Structures are given as structure tokens and as C-alpha cells.
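Please have the coordinates open while reading.

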Amino acid sequence: IIIINIIIKGKCPEDGWDESTIELFLHELAIMDSNNFLGNCGVGEREGRVASGLVARRHYRLIHGIGRSGDISAVQPKAAGSSLLNKLTNSVVLDIIKLAGVQTVTNCFVVPMATGMSLTLCFLTLRHKRPKAKYIIWPRIDQKSCFKSMITAGFEPVVIENVLEGDELRTDIKAVETKIKALGAENILCVHSTTSCFAPRVPDRLEELAEICANYDIPHIVNNAYGVQSSKCMHLIQQGARVGRIDAFVQSLDKNFMVPVGGAIIAGFNESFIQEISKMYPGRASASPSLDVLITLLSLGTSGYKRLLKERKEMFSYLSSELKKLADNHNERLLDTPHNPISLAMSLKNLDENNDAAVTQLGSMLFTRQVSGARVVPCGSVQTVNNYTFKGFMSHSNDYPCAYLNAASAIGIKKQDVDVFLKRLDNCLKTSRKKAKQEKSVTEISNSNTGTEQLE
């Protein structure tokens with residue numbers, strides 16, 4: 001009955017299924033594909049033949065992938081089970097996006113590419129609608145894949161520097177509108193904004209950007225990489241679509257649903273435009289990302305996913321309060337970034353003042369002590385990406401006032417993760433400070449001896 005219900009309704013079940021039920025469901029889908037028919041005679045170049053039994057079992061014998069050569073969302077006649085899997089996954093994911101806060105979304109599909117390449121697919125689709133356009137307006141975020149997504153699509157990013165408000169880096173709305181007027185709206189492919197990001201940068205002002213896009217008739221693509229897990233990010237998208245224009249928003253599967261890297265969701269409010277994007281994808285595609293996320297959501301159910309979202313938010317509050325205590329103990333401070341609902345930043349001014357290399361050494365120390373995901377950002381680093389030079393790279397600003405360390409409360413994080421991280425960070429900071437003082441003393445003694453020799 002529960003299997004029939006999901007096929008009829010196309011919604012995520014409220015209560016998660018057990019593993020045996022999920023496996024039964026997948027086997028039922030697999031026997032609908034021609035490569036699993038008894039007595040099947042395949043004479044084509046792609047017949048779902050698999051040499052390794054291990055590979056076949058890994059994919060539950062769903063070998064044909066999804067889509068057809070002209071449309072990733074199209075039904076494949078000889079792969080009815082894989083096609084049904086694809087349709088169900090897209091429907092269940094749409095249900096979860098609505099549950100997470102974007103209630104008026106009309107269409108979405110899972111694409112077997114990570115966020116950067118999925119953004120590229122959106123830009124390439126817009127090319128046909130705006131053949132004269134060659135620029136993309138991009139409020140700066142120092143993350144290589146979203147920058148390269150525009151370059152790969154053949155467009156010229158127009159970087160809009162953020163403005164510093166307190167500790168936060170926020171969207172410069174005036175600069176966006178000024179640049180649109182200077183370049184001419186018809187020459188701009190779209191505005192490429194961001195929700196989820198590393199503090200002290202905070203989500204873009206989506207409502208204001210959406211209004212500008214509507215006023216100037218410019219498309220608006222949102223990089224919502226790990227924003228599904230944040231009610232604040234999803235609210236910004238919903239509000240942006242309500243007051244202005246958002247054509248598509250793209251989110252990662254691994255970051256939001258705890259599945260292996262390799263998939264993303266492209267969603268939007270205009271069903272025909274999202275269909276255009278799916279038709280732009282050349283050829284068929286791997287069913288693995290769709291299979292992974294469907295299995296995950298069936299095992300969690302809506303109640304399980306809601307629980308994970310609630311726990312993440314609680315862990316964010318806990319991480320914030322405990323990191324503030326630790327910062328105070330080391331004469332640092334937790335940067336005030338109330339508009340960022342996932343990432344936090346702690347200043348490293350004392351390390352930076354004692355020794356320029358001490359900041360990057362802290363990052364190495366944490367990594368060797370098995371702390372993953374924490375980012376240590378020094379002042380003034382310069383990096384060139386596709387011939388564009390970013391000053392203060394990783395800090396989203398040419399000259400952010402201080403070095404800092406990032407930590408995030410993402411979906412699936414546990415209290416134990418936070419406690420172990422804080423303990424190891426505390427030890428590393430003590431070690432770094434002690435080492436910096438020793439090096440400073442050695443330098444002072446060396447300088448003193450040099451001065452004595454000169455006097456003699």
C-alpha cells in the first residue's frame with residue numbers, strides 16, 4: 001500500500017520506510033527495465049549490459065540511467081523502471097523543497113552534476129533567450145566553482161564588491177543597479193546571486209535583487225548550494241520570487257541531503273523554463289544521484305528530514321554560544337553575523353599580529369588533528385582564477401579588517417562534533433600563541449645581539 005501511495009501521490013512519505021521495503025521497491029522498479037527482462041534480446045549499442053555483478057548490485061540493476069538523448073526528464077521506453085524512478089525522485093524532491101520553505105516552487109529536476117556545472121547549464125539555457133548578452137552580474141563570493149561556472153558557459157563575470165556593515169559583508173545594491181545602467185540591460189545575461197555562504201559574508205539581499213531584475217527585465221539565477229537546510233535561505237528565495245524575479249535556484253544534493261557528491265537540484269517558479277533547462281542537458285544521464293536521494297528521503301520521511309533541520313538549527317545556536325566563550329578566553333571575538341544562518345567566524349587578530357604565518361599554521365594544525373571543514377582565512381591573500389585576480393581571496397573582500405576562522409553548523413552535525421572541535425581548537429590556539437611568543441622572543445634577542453655587535 002505504501003508503495004502504491006508514493007507512486008500515486010508522488011510525495012515524500014511522512015514516516016520513513018525500513019530498508020527491506022526500500023529494496024523491494026527498487027527491485028520492483030528494476031524488473032520494469034528491458035535489460036532485466038527474461039529472454040530479452042538486445043541488438044543496440046546501449047542495452048544495459050554490465051560486466052560486473054558487483055556493479056549491477058550496487059545500482060540495484062537500474063542500468064539505463066535517466067532521460068533520452070534530447071531531454072534528461074524524458075521517459076525512456078525500454079527503461080520504464082528507471083524513468084519512473086526519475087519522475088518519482090523529482091516529485092519527492094519538489095515536495096521537500098516546499099516543506100523547507102519555498103511553497104510556490106512549480107518544478108524541479110535532479111541533475112547528475114554538482115552545483116557549479118548545474119549553474120553553467122542554467123546560463124547556457126539563458127544564452128538562447130538573450131543572444132546579445134555577454135555579462136553576468138555577480139555579487140562577490142570567494143568560491144571558485146560558482147565563479148568558474150560563468151567562465152565555462154562563455155560569459156564575462158562582472159564582480160560587484162560587497163559592502164562592510166559592522167562585521168558583515170553584504171550586497172551592494174546601488175553598485176548592482178549602477179552597473180546594469182552602465183552596461184545596458186540587454187547586454188546582461190542575468191544576475192547571479194548567492195544564499196548560503198561562509199561568514200562574515202551573509203546571504204545576498206535577494207528581495208532587492210529580485211526587484212531590480214524584474215524592473216530591468218533581467219533573469220535572476222540563485223546559487224542556493226547548501227541553503228535547503230536553512231529556513232532563512234529558503235525564505236529569502238520565496239520572498240524574492242514574491243516581490244520580484246527569480247528564474248531558477250540551484251542546490252547541492254550532498255550538502256542538503258547527506259548523499260555522495262555528484263548531484264544537484266535545479267528548481268524554479270516557471271515550469272516551462274525549468275523544462276527548457278532539462279532539455280538543454282545533452283544526452284542521457286546517470287541515475288545514481290536520483291537513486292541516492294530517493295533512497296535517503298524514503299528512509300527519512302518528512303518527519304525525519306524535519307527532525308534533521310531542527311537539530312541543525314539547535315546545533316547552530318550551541319556552536320555559536322560555545323565558540324563565543326572560547327573566543328573570549330583567547331582575547332578574540334565571535335564576529336557578529338546575524339544574517340548568516342549556517343556559518344560562523346571567529347577573529348584571529350592576536351595570531352595575525354604576532355606572526356603573519358601563524359594564521360595559516362593554525363589551519364594546518366587543525367587539519368592534522370582531524371578537524372575538517374574549518375577554514376582559516378588570513379588577511380591579504382591574492383589569487384588569480386581564470387585570469388581574474390582577487391585580492392583578499394577567501395574573505396569575499398579586498399581588505400577585510402581581520403584574519404578569522406570559519407566553522408559551520410550543517411545538516412547532520414552532532415553535539416559531539418562541536419565539543420571535539422572546540423576542544424581541539426582551544427589546544428591549537430594555546431599552542432600557536434605559545435609558539436608565536438617564543439619566536440618573538442628569539443627575534444628580540446637576535447636584534448638585541450646585533451645591536452650590541454654594532455656598538456662594539
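At which residues does UniProt place the feature "binding site"?

## Annotated positions

The unreviewed UniProt entry places the feature "binding site" at Arg242, Arg369 and Lys434; UniProt positions are given in the numbering used here, with feature names shortened, and such annotations may be inferred rather than shown by experiment. The three positions are spread over 193 residues of sequence and also spread in space, with up to 53.9 Å between C-alpha atoms.

Arginine 242 lies in helix H9 (residues 231-243), where helices (H or I, at least four residues) and strands (E, at least two) are DSSP runs numbered from the N terminus. Its relative accessibility of 57% is why arginine 242 counts as exposed, given that buried means under 20% relative accessible area, exposed over 50%, and partly exposed in between (1.4 Å probe, protein chains only). Lysine 434 has its place in helix H15 (residues 415-455), and lysine 434 likewise counts as exposed because its relative accessibility is 56%.

## Basis of the model

This is a predicted model, in which local features need pLDDT of at least 70 and side-chain atom pairs count only at pLDDT 80 or more, whereas totals for chains, interfaces and linings use all residues. Residues are numbered from 1 along each chain as its sequence is written, and side-chain values use heavy atoms, with hydrogens and water left out.

The domain assignment gives domain 1 (103-282) and domain 2 (306-438), with bounds that come from an automatic or database domain assignment. The C-alpha centres of domain 1 and domain 2 lie 26 Å apart, and 33 residues of domain 1 are in contact with 38 residues of domain 2, contact meaning heavy atoms within 4.5 Å.

Between them the two domains bury about 3000 Å², 61% of it on carbon and sulfur atoms; buried area is the accessible area (1.4 Å probe) that two parts lose on being put together, summed over both. Of the area that domain 1 buries against domain 2, Asp142, Asp167 and Gln229 supply 21%, more than any other three residues. The rule finds 1 salt bridge across this interface, a salt bridge being a side-chain nitrogen of Lys or Arg within 4 Å of a carboxyl oxygen of Asp or Glu. Aspartate 167 forms a salt bridge with arginine 333, and the closest N and O atoms of that pair are 2.7 Å apart.

## Enclosed strands

Strand S10 (residues 343-347) is largely enclosed by the rest of the structure, because 5 of its 5 residues are buried. Ser343, Ala345 and Ser347 are buried on one side, and Leu344 and Met346 on the other. Strand S10 runs antiparallel to strand S14 (residues 404-408), joined to it by 5 bridges, where two strands pair if DSSP finds at least two bridges between them. Within this pairing, leucine 344 stands opposite alanine 407 in S14.

In strand S7 (residues 220-223), His220 and Val222 point one way and Ile221 and Asn223 the other way, and all are buried. Strand S6 (residues 188-194) pairs with S7 in the parallel sense over 4 bridges, with valine 191 opposite histidine 220.

## Backbone details in loops

The peptide bond from alanine 199 to proline 200 is cis, with omega near 10 degrees, and proline 200 is found in the loop between S6 and helix H8 (206-216).

Methionine 394, in the loop between strand S13 (388-391) and S14, has a positive phi near 90 degrees although methionine 394 is a residue other than glycine. With a relative accessible area of 27%, methionine 394 is partly exposed.
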